[in-house]
Amino acid sequence: MRRMCVALSALLLFWIAGNAQSSRPSKDATNATTNSVHGFPQTVRVRLWYLRPPHELKLRADAGQTRYRKCASCADIALTTLAMRAVASKIQIDSDKADASELRVSGSFQITALNGPPLREDFPIEIRASDGHLLVTASMPMEEYIAGVLAGETGNFKSDEALKAMAVAARTYAMHFGSRHAVDGFDFCDSTHCQNLRLTDVDARLRRIAGSTAGEVLWYDGEPAATYYHAHCGGTTEDGHYILGNDEQRAPYLKQHADTYCVRSGGNQWRSEVSKRDLQRALSAEGVNVPGQLRSVAVLHRTSSGRVEFLTVTGSQSITVPALTFRSAIGRNIGWDRLKSNWYEVRVEGDHVAFHGRGSGHGVGMCQTGAEVMGEEGRSYREILSFYYPGTKLGVGAQGTQWQQLTSEDVELFTTRPDRDRALMPLATRLMHESEESTGLIYSGGTKLKVYPTVAAFRDATGEPGWVAASTRGHTIRLQPADLLRDAGTLESTLRHELLHILVESHAKAGTPRWYREGLVLYLAQPNGGTQRSGSFDSVAALERALRAPVSEQELREAYAEAQSRVAKLAQQHGKVALVDWLQNGLPAQ
Ligand SMILES: [Zn+2]
Ligand SMILES: [Zn+2]
């Protein structure tokens, strides 16, 4: 589980990162702009023309107000038509002598690259140039992205229910693999690397299908499932283990099973051949060097579904080649139509190697042909999904978790593992009493503690990045799995930090700046720390902005350090009692 590792290393930073969005929602601008419902991204950033970025683009206003600007804070310019090309890392605009390093376009417009069809858009795009190419990133509604994936990945499904099943699978897949392009500054590319996106073919029906399942995701164990899909399994799906490798072996919903649906539609058998010479070249292009001249190819081992796992390729000597490598060598260098799947017999006929196979695609997860047959036979998309991903749960928000509520005098605990998490209640009570004692403030409300079973469930429910260990809204503290925090040695300090926040927020005079509230919590949690650091922010306004909407974990860390250091200095000069008084009655003018 890749994500878990990222979060674990970052958990050590929790006390600094642990409160990106705390404080009362009514006062908190961050909460108002959170881009999610139940933690789902509603807007996704998609890189268009990812594999072949264009050198030139043409834009034409479609209707209403179409505008562009040359930087985030630049003035809007009305757009009717605009032609541009990339020159090294600059954008050269036909009607404009000054080059731009970026363009932001909004409104309704058509965008045309090379000789492709015009793409109609009414969501904002950003254009940059790099190495003589234009890099176009669109910020589009999640459901428009899903409609585009349906256009790109399903061909022309007749059954609405099969399309709905695909919409859920595509959305879940996107959520599961959503971090692949995080370093590039966008969420998904438009190629099959992520999912094939064909925005030019989106129509009203695909939008309706995406919208009718909006936000629905397949969950397994608190995580969006790895919902692989393929064109035709040939009658038996493949165990995900063969393409996922070891780190995703916990995917019992991707087990091999018989599929009696797709075979009814026929058309699953195929024959093809490649010349020995082309095959040898294709293999060598992928780094598989057959000694001498390629003479024969034979199946060495099959998986339990019957698909080829290893082949023996013989020249002057024999070598063993994994079937996945063999297929991608032929696909990339000769054509993907030659070896449609790994389920085949192989024979050598003269100069040629002949294949007789069945199915199309890797065979893991949902068989699109079978889904279409199920849909046409009157099965619902829920039935289709539970047939191809058995054991997953369909829902909006983290599903598959059974919340249980435990109550003590002043703490309500929501957990999926009451036996393990029960001890958090007396711990929270003790820490709150200590906080009250150290500040002289009394907290009169109750405290709700919600402990998520996995980092992903926490992240999806709170909208926080995985490196945030906990967050507080009102008097509810939402925590990552307590075991993880305990293992990282940060459980008690995380909880103390969040409880101090509840205490501080419940007494803060309206309008108390954020740096003061955050800094006071950090100072109270660690009265001897944080005096050495200062000077990363040149104004209070910059510090406030960084605390409200940090652009990175690093910036948030610096902002916390700065807030803590400011409050610690005030404490040295005026004492803690004065700090608590200012919290309730307002900061002195200077
Ligand atoms: Zn991608
Ligand atoms: Zn099938």
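Colleague: What makes Cys233 buried?

Modeller: Its relative accessible area is 1%. Buried means under 20%, exposed over 50%, and partly exposed in between, with a 1.4 Å probe and protein chains only. At 1%, Cys233 therefore counts as buried.

Colleague: What are we looking at, and how is it numbered?

Modeller: This is a predicted model, in which local features need pLDDT of at least 70 and side-chain atom pairs pLDDT 80 or more, while totals for chains, interfaces and linings use all residues. Residues are numbered from 1 along each chain as its sequence is written, chains are lettered from A and ligands numbered from 1 in written order, and side-chain values use heavy atoms, without hydrogens or water.

Colleague: How do you know which residues are donors of the zinc ion (ligand 2)?

Modeller: By distance. Donors are N, O and S atoms within 2.8 Å of the metal (3.2 Å for Na, K and Ca); water is not among the atoms, so sites may look incomplete. Cys233 (SG), Asp259 (OD), Cys262 (SG) and Cys367 (SG) lie 2.2 to 2.3 Å from the ion, so they qualify. Their spacing is C-x25-D-x2-C-x104-C. Cys233 is in the loop between S15 and helix H7 (241-244), and Cys262 in the loop between H7 and strand S16 (269-275), 29 residues apart. Helices (H or I, at least four residues) and strands (E, at least two) are DSSP runs, numbered from the N terminus.

Colleague: Why is the arrangement around the zinc ion (ligand 2) called tetrahedral?

Modeller: Four donors count as tetrahedral if all angles lie between 85 and 135 degrees. Here the angles are 103 to 121°, so the label holds.

Colleague: What makes the site of the zinc ion (ligand 1) tetrahedral?

Modeller: Its angles, 101 to 118° among four donor atoms. The donors are His181 (NE2), Cys189 (SG), His193 (ND1) and Cys194 (SG), at 1.9 to 2.3 Å. They follow H-x7-C-x3-H-C in sequence. His181 and Cys189 are both buried. For Cys189 the value is 0%.

Colleague: Why is the pair Cys71 and Cys74 called a disulfide?

Modeller: A disulfide is a pair of cysteine sulfur atoms within 2.5 Å. These sulfurs are 2.0 Å apart, so the pair passes. The structure holds one disulfide. With 105° about the S-S bond, the link is right-handed.

Colleague: Are Cys71 and Cys74 buried, partly exposed or exposed?

Modeller: Cys71, at 21%, is partly exposed. Cys74 has 29%, so it is partly exposed too.

Colleague: What makes a space a cavity, and what makes it a pocket?

Modeller: On a 1 Å grid over the protein atoms alone, a cavity is a set of points where a 1.4 Å probe fits but cannot get out. A pocket is an open set with protein on both sides within 12 Å along at least five of seven lines. Lining residues have an atom within 4 Å of a point. Two cavities of 30 Å³ or more are counted.

Colleague: What lines the second largest pocket?

Modeller: Its lining has 22 residues, with Thr192, Tyr229, Arg327, Gly361 and His362 nearest the centre. H9 gives the largest share, four residues. The pocket's volume is about 940 Å³.

How values were computed
Four donors count as tetrahedral if all angles lie between 85 and 135 degrees; four count as square planar and six as octahedral if opposite donors are over 155 degrees apart and all others between 65 and 115; anything else is irregular. Grid points are joined across faces, edges and corners, and a volume is the space filled by probe spheres set on the points.
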